[in-house]
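Here are my notes for your first read of this model. Keep the structure open and follow the points in order.

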Amino acid sequence: MSKNNTKKELKMIRNSMSLEQLSKDQKMKYEIAKELGLYDKVIEHGWKSLSAKETGKIGGIMTRKKKEEEREKKRGVSVEDIDTDIDGINDVLKHEDSPKL
């Protein structure tokens, strides 16, 4: 992200104190900063005020959360497939859809 976008982003947040206008990733970044107690520091001094350790921690948590979201999406699809197979619904549908001989 360029410095201009970051400055605009911070100005918008300072004025409205709302994260609703940000992208999903940007919201997540600020929410994690809140969880770590770094939000006020970021709002007051910008992202450049964070140490490499603090920034890395935020990035690591973001990565973990994104992976968890992807796993849940995949798990949701596979769980539905397993449920229908256990119930035998797919077998019944296959039988009903097959042409009669």
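**Notes on the core and its aromatic rings**

1. Start with the inside. The largest nonpolar core has 17 residues. I13, Y30, W47 and I58 have the most contacts within this core. The largest share comes from α2, with four residues. Bear in mind that this is a predicted model.

2. Now the overall plan. The protein chain has five helices and zero strands. Read from the N terminus, its elements run α-α-α-α-α. The chain has 101 residues, and 23% of them count as buried. Its accessible surface comes to about 7900 Å². Carbon and sulfur atoms account for 52% of that surface.

3. Look at contacts along the sequence. Take the contacts between residues at least 6 apart in sequence. Of these, 45% join residues at least 24 apart.

4. Next, helix α2. This helix covers residues 24–35, twelve residues in total. From first C-alpha to last it reaches 16 Å, close to the 16 Å expected at 1.5 Å a residue. Which residues of α2 are buried? They are Q26, M28, K29, Y30, I32 and A33. An α-helix has 3.6 residues a turn, so residues three or four places apart point the same way. Check that rule against the list on your screen. After α2 comes G37, whose phi is positive, near 80°.

5. Turn to the aromatic rings. The count comes to two aromatic pairs. In one of them, the ring centres of Y30 and Y39 are 6.2 Å apart and the planes stand at 75°, so this pair is edge-to-face. The cut-off for that label is an angle over 60 degrees. Y30, Y39 and W47 form one aromatic cluster.

6. Are Y30 and Y39 buried or exposed? Y30 counts as buried because its relative accessibility is 0%. Y39 has a relative accessible area of 10%, so Y39 is buried too. The cut-off here is under 20%.

7. Finally, two lysines deserve a look. K29 lies over the face of W47, at 4.7 Å from the ring centre. K29 is also among the buried residues of α2. K34 lies over the face of Y39, again at 4.7 Å from the ring centre. Both of these rings belong to the aromatic cluster, together with Y30.

How values were computed: Residues numbered from 1 in each chain as written. Predicted model: local features only at pLDDT ≥ 70, side-chain atom pairs only at ≥ 80, totals over all residues. Heavy atoms only, no water. Phe/Tyr/Trp six-rings, centres within 6.5 Å; stacked < 30°, edge-to-face > 60°. Buried < 20%, exposed > 50% of the residue type's maximum accessible area, 1.4 Å probe, protein only. Lys NZ or Arg CZ within 6 Å of the ring centre and 35° of its normal. Helix = DSSP H or I, 4+ residues; strand = E, 2+ residues; numbered from the N terminus. Expected span 1.5 Å × (residues − 1). Contact = heavy atoms within 4.5 Å. Areas by Shrake-Rupley, 256 points an atom, 1.4 Å probe, with all protein chains shown as cover. Core = buried A, V, L, I, M, F, W, Y, C linked by side-chain atoms within 4.5 Å.
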